[in-house]
Amino acid sequence: MNSRERILGRVRRALADVTPETRPYEEAVPRDYLRAHGERTAGETVDLLAENLADYRAIVHRAGAGELPALVMRLLAEHGSREVLVPPGLPPGWLAEDGPVRIHDRAALTAARLDRVDSVVTGCAVAIAETGTLVLDGSPDQGRRRISLIPDHHICVVRVPDQVVSSVPQALERLDAARPLTWISGPSATSDIELDRVEGVHGPRTLEVILLG
Amino acid sequence: MSGTFVGMPAFPQAAGKAVRNPTLRGNLRHATHTIRAKRERAVGELSDWAGLREAGRRIKDHTLRHLDRYLEQLEESVTAAGGTVHWAADAEEANRIVTGLVRATGESEVVKVKSMATQEIELNEALAAAGIRAYETDLAELIVQLGKDRPSHILVPAIHRNRGEIRDIFAREMGEWGRPAPEGLTDTPADLAEAARLHLREKFLRAKVGISGANFMVAETGTLVVVESEGNGRMCLTLPETLISVVGIEKVVPTWRDLEVFLQTLPRSSTAERMNPYTSMWTGTTDEDGPRAFHLVLLDNGRTDTLADTVGRQALRCIRCSACLNVCPVYERAGGHAYGSVYPGPIGAILSPQLRGTTSEIDASLPYASSLCGACYEVCPVAIDIPEVLVHLRERVVEGGPAVRRGNKVLLKPAKGHAAERAAMRAARWAFARPGALRVGQRLASRTRRLHPRTLPGPGRAWSGARDLPAVPPEPFRDWWQRTRGGKDGDR
Ligand code: SF4
């Protein structure tokens, strides 16, 4: 008998006392909780997102479409970035023509090469107001998971209000489980040393969020 | 602690030792109280907390009741998404599988993200025996690994170390393992974090094999979820070419939607945050993004035995948030090492004896490491009635009875004259002499009473008139642990 059969057999014997559930799953598990907490207009939801992002020490900016390239350039300049990593489908008009050298993420680039790039600019799939969370799903404007991980400075553009939901349940409804997902709530942090929250152990130590709308 | 000491140390002696370790006690007190207060705020923000908790309990119970079905579904989904599923009946088999997978890559180094399952099976030791170095990459695990130490808290494993000690460990040990600590390293947390960043980045960038656990596995989609803070999890899950995840079979949930419950309750219960900094979800492999090979090792190692216990099986609902540790008066005094297991605190007291069986002295004594005050149950996001299981396990230690071990039905003998019995008697004496230690237990006495079957089993009968007393003082387990396991681990 192989271990698969052994384990499944043990499970079945262990459950000998249990009467099997006959109702469909969604009936068997009542969900007596809210889809979202509180009533808000779209604008208020965006405000809550901004507030919660800032509470976990992301730096929040707002821009209209026309102001975006100038703002991104300014943030890159302030960070002293000489190179900026971009995903394959960065929308045209997010970056100005001049400015830091664009590094296009190709499979051939090694992680060590990416480690020398100062900043990365990506979009996101959805943002959650109640928790101050950005979710990236690897779409063309976000790129492979590694590009938002290795550089020390991440600029993430959120299209508001369309990409913003109130709550975790609403976010999961919009997301596709088949894609690799990264949920980001503030810059990398640890509380492992005497419980002081310290920014930035391994992920980007500076997270800037641009609410574009 | 003298190596020749036989039997449990008497409590006055043990309490004296605790007083002489002010670092441990001070750190623990500060830590548990800080997290406790923050958690209450984070939970208070959600008006539907009770509903989320109940849904979490029901989802987990339902899954456990049909665990065979959901495991088969999970296997199918993961395989369809490009992963390979392995089944490990015990620690030895899991270690053999993982060692074989690493060897097949030709690598002799792996990077690891904190995983309780791999600690439980002592994977690092098994890999080392096969000539493979496993680098722990959580800051706290790094501190523990460099300090040749053991974790003492699920969430903050280095909670027993203060910043001065951490600086000394980094300065002394980092060079042995790779990039040395920067010259003139100070003991500010930011500096220490920077030293860890530099030391580990070198390893992440060249790593070819990553090893992880997972917080959740979704049967419907085959998705695995890792919840973390530092970003080392993302590094281990995305940069290597091969990813191996070792996950207990109880971590499966039926549907994608179920995550909406746990992604709300877990961060708030554990780090007291609305959301932890990073959560990674992956389903099999993805072309040109992340590892090219993904192996899932499903681990039993006593879980099916636990499932066979109709009272004890609820322990398998645990999502390892550590909220129960932070409210536990016994844990606060004893520290995590006292529990002699990777699962410390109240959850450890009910999980370890079930996973490993209650035949060893430490396991037989663990159900006594509690005052039954019930605070752990109140905070548990999946409503595990820890005191109920403790009382049940105490009964089984003292009275014996049927149980399942490695899939076989056995009849446990009553532990007459067992060390655990003596421990409880000494606990009673110790507690009577220390009114301060009693208060916590007495506070929730009414609740405790509801949970007690008949009389307290075994030695409890001698003092059942005052059965709301803390059953055991914290410290002896620590000393006991050092005596019984210290020989094995002391000089690692
Ligand atoms: S028993 Fe409950 S409170 Fe304790 S770690 Fe597990 S889920 Fe958290």
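Predicted model: local features only at pLDDT ≥ 70, side-chain atom pairs only at ≥ 80, totals over all residues.
**Group meeting: helix packing and the A/B interface**

The axes of α1(A) and α4(B) come within 8 Å, crossing at roughly 150°. These two, α1(A) and α4(B), are therefore roughly antiparallel to each other. From α1(A), the contact uses Arg4(A), Leu8(A), Val11(A) and Arg12(A), while α4(B) brings Leu67(B), Asp68(B), Leu71(B), Glu72(B) and Glu75(B). The class count for α1(A) with α4(B) is four nonpolar, no polar and five charged. If you want one pair to click on, take Arg4(A) and Glu75(B): they form a salt bridge, and the closest N and O atoms are 2.7 Å apart.

Let's zoom out to the whole interface. How many residues of chain B are in contact with chain A? The number is 95 residues of chain B, against 76 residues of chain A. As a general point, the size of an interface is often given as the accessible area lost when the parts come together. Here chain B and chain A bury about 7500 Å² between them, with 57% of it on carbon and sulfur atoms. Which three residues supply more of chain B's share than any other three? Arginines, as it turns out: Arg197(B), Arg234(B) and Arg274(B) supply 10% of the area that chain B buries against chain A.

The element giving the most to the side of chain B that touches chain A is helix α10, residues 189-206, with eleven residues. Taken by class, that side of chain B splits into 45 nonpolar, 25 polar and 25 charged residues.

Over all chains, the structure holds 51 salt bridges. Another one to look at is Asp17(A) with Arg313(B), where the closest N and O atoms are 2.8 Å apart. Asp17(A) sits in the loop between α1 (3-14) and α2 (25-28) of chain A, and Arg313(B) in the loop between α13 (303-307) and α14 (323-327) of chain B, so the pair joins two chains.

Back inside chain B for another helix pair. Helix α8, residues 139-146, and helix α9, residues 163-177, have axes that come within 9 Å and cross at roughly 75°. So α8(B) and α9(B) are roughly perpendicular to each other. In α8(B), the residues are Leu139(B), Leu142(B), Ile143(B), Gln145(B) and Leu146(B); in α9(B), they meet Ile166(B), Ile169(B), Phe170(B), Glu173(B), Met174(B) and Trp177(B). The residues of this contact divide into nine nonpolar, one polar and one charged.

Last bit, the backbone. Most residues other than glycine have a negative phi, and most peptide bonds are trans. With that in mind, look at Val160(A) and Pro161(A), which are joined by a cis peptide bond with omega about 0°. Pro161(A) is in the loop between β7 (153-159) and β8 (164-165) of chain A. Over in chain B, Ala272(B) has a positive phi of about 60°, although it is not a glycine. You'll find Ala272(B) in the loop between α12 (259-270) and β9 (278-283) of chain B.

Terms used. Residues numbered from 1 in each chain as written. Chains lettered and ligands numbered in written order. Heavy atoms only, no water. Axes fitted to C-alpha atoms, helices over the stretch in contact; angles between N-to-C directions. Helix = DSSP H or I, 4+ residues; strand = E, 2+ residues; numbered from the N terminus. Parallel < 35°, antiparallel > 145°, perpendicular 65-115°, else oblique. Contact = heavy atoms within 4.5 Å. Nonpolar A, V, L, I, M, F, W, Y, C, P; charged D, E, K, R; others polar. Buried area = accessible area lost by both parts, 1.4 Å probe. Salt bridge = Lys/Arg side-chain N within 4 Å of Asp/Glu carboxyl O.
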